[in-house]
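User: Please take a close look at the charged side chains that pair up in this protein. Then set them against the aromatic pairs and the nonpolar core.

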Amino acid sequence: MLIKVKHGWELPDAAATPEDVFRNRRRLMKAAAVGPVLLAAGSALGGCSAEADADAGDDPSASLYPVERNPRYAVDRPLTPEDLVTSYNNFYEFGSSKDIANRAQRLPIRPWSVTIDGMVEKPFTIDIDALLAKMPLEERVYRLRCVEAWSITVPWSGFPLRALVEFARPLGSATYLRMETFLDPEVASGQRAVWYPWPYVEGLTMAEATHDLAFIATGLYGKPMPKQNGSPLRLAVPWKYGFKSIKSIVRFTFTDERPVNFWQQLVPSEYGFWANVNPDVPHPRWSQATERIIGTDERVPTRLFNGYAEQVADLYRGLESERLFA
């Protein structure tokens with residue numbers, strides 16, 4: 001007898017938006033970019049930004065999308081409107097404001113190489129499109145909770161981080177995965193700010209990196225990842241604060257030394273390695289008890305591990321003496 005254990009993120013099929021409605025909305029948005037009458041209709045539906053549309057159309061991987069949604073990964077909140085997700089962005093490489101979408105269009109996403117090194121059987125560098133061809137692409141809906149106490153709900157396209165780990169063939173002695181973003185101050189004006197410890201670095205334990213929820217996102221809303229959202233590939237770890245989800249990754253390094261992440265280097269009193277979501281552990285300058293849902297006037301209670309406690313709490317057994325929630 002097969003006994004199915006229901007996960008906390010799962011919803012019945014009836015709760016999902018019908019596929020034809022979602023796909024037709026996307027086609028309308030594309031048409032809106034070229035017709036003034038349809039533009040008004042697209043605006044009424046919350047159409048995506050012109051910058052994001054242009055970026056997706058120029059991406060050589062566009063033919064890969066949309067990918068099939070994995071129904072195991074669903075949440076009990078509506079999707080955040082696409083135009084908000086593609087226009088309200090933290091991407092400090094292009095500035096400290098949320099309004100960086102236009103500036104981020106300067107980022108060249110081809111050619112783009114990804115280096116796998118450190119404690120692996122054989123270090124190598126691979127072209128992004130060759131990497132995508134080897135990965136099992138799917139769509140997952142995740143909540144994202146920013147440390148700034150706002151949240152969004154996004155349909156990410158991409159592949160399990162575990163698949164990349166297996167592809168990299170790390171040594172058994174590797175205990176951490178360090179990730180690094182691009183470094184190009186001529187393109188990314190924010191990287192000219194010498195007080196920041198560029199390039200942006202993030203890290204996970206190997207147990208976190210191979211967890212079922214850890215995901216490398218390469219697209220959203222059925223299209224390639226817009227540049228302002230971290231094209232061509234970014235991390236999505238939905239039980240952690242959003243700053244852990246490093247954007248525009250160029251290097252994965254397997255190591256036995258715990259990485260010191262970007263914000264930890266900058267403000268170690270406020271930001272640590274783990275950064276798991278916890279409503280009962282305030283940021284030094286604000287409460288984490290509630291969050292503002294972008295696109296609404298709602299403030300709702302924050303959930304432990306952003307609602308994924310059932311799936312990830314076991315990762316941290318025996319680590320209670322560490323700063324798990326900052």
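Analyst: The answer below starts with the salt bridges and then turns to the aromatic pairs and the core.

The model is predicted. Its 326 residues are 55% buried, and the secondary structure comprises 10 helices and 12 strands. Among contacts between residues at least 6 apart in sequence, 72% join residues at least 24 apart. The accessible surface is about 14,500 Å², and carbon and sulfur atoms hold 57% of that area.

Side chains of opposite charge can pair when their charged atoms come close. The structure contains 19 salt bridges. One of them joins arginine 110 to aspartate 59, with 3.1 Å between the closest N and O atoms. This pair links distant parts of the chain, 51 residues apart: arginine 110 sits in the loop between α5 (101-104) and β1 (113-118), and aspartate 59 in the loop between α3 (50-58) and α4 (82-85). Aspartate 59 counts as buried because its relative accessibility is 4%, under the 20% cut-off. Arginine 110, at 22%, counts as partly exposed. The pair also belongs to a network of salt bridges that links Asp59, Arg110 and Asp129.

A second salt bridge forms between glutamate 148 and lysine 98, at 3.0 Å from N to O. Glutamate 148 is in the loop between β3 (138-145) and β4 (150-160), while lysine 98 is in the loop between α4 and α5, so this bridge ties together parts 50 residues apart in sequence. Glutamate 148 has a relative accessible area of 31% and is therefore partly exposed.

The salt bridge of arginine 140 with glutamate 138 has an N to O distance of 2.6 Å. Arginine 140 is buried at 2% relative accessibility, and glutamate 138 is buried with a relative accessible area of 15%.

Lysine 223 belongs to strand β8 (residues 223-224). With 8% relative accessibility, lysine 223 counts as buried. Its side chain makes a polar contact of 2.7 Å with the side chain of glutamate 82.

The aromatic side chains come next. There are 24 aromatic pairs in the structure. Tyrosine 176 and phenylalanine 273 make an edge-to-face pair, with centres 5.8 Å apart and 85 degrees between the planes. Tyrosine 176 is in strand β5 (residues 176-181) and phenylalanine 273 in the loop between α9 (262-266) and β11 (290-293), so the pair connects parts that are 97 residues apart in sequence. Both tyrosine 176 and phenylalanine 273 are buried.

The pair of tryptophan 274 and tyrosine 316 is edge-to-face because the planes stand at 90 degrees, with ring centres 5.5 Å apart. Tryptophan 274 lies in the loop between α9 and β11, and tyrosine 316 in the segment after α10 (309-312), 42 residues apart. Tryptophan 274 and tyrosine 316 are both buried. Elsewhere, ring pairs join a cluster whose members include Tyr92, Trp195, Tyr196, Trp198 and Phe243.

The largest one has 82 residues, and Trp156, Leu161, Phe252 and Phe254 have the most contacts inside it. Apart from its neighbours within four places in sequence, leucine 161 is in contact with Leu177, Leu204, Ala209, Ala214, Phe215, Ile216, Leu235 and Phe252.

Conventions
Residues are numbered from 1 along each chain as its sequence is written. This is a predicted model: local features need pLDDT of at least 70, side-chain atom pairs count only at pLDDT 80 or more; totals for chains, interfaces and linings use all residues. Side-chain values use heavy atoms; hydrogens and water are left out. Helices (H or I, at least four residues) and strands (E, at least two) are DSSP runs, numbered from the N terminus. Buried means under 20% relative accessible area, exposed over 50%, partly exposed in between (1.4 Å probe, protein chains only). Contact means heavy atoms within 4.5 Å. Accessible areas come from the Shrake-Rupley method with a 1.4 Å probe; for residues, only the protein chains shown count as cover. A salt bridge is a side-chain nitrogen of Lys or Arg within 4 Å of a carboxyl oxygen of Asp or Glu. A nonpolar core is a set of buried Ala, Val, Leu, Ile, Met, Phe, Trp, Tyr and Cys residues joined through side-chain atoms within 4.5 Å. A polar contact is a pair of N or O atoms within 3.5 Å; within protein, one must be able to donate a hydrogen and the other to accept it, and residues adjacent in sequence count only if both atoms are side-chain atoms. Rings of Phe, Tyr and Trp (its six-membered ring) pair if their centres lie within 6.5 Å; planes under 30 degrees apart count as stacked, over 60 as edge-to-face and the rest as tilted.
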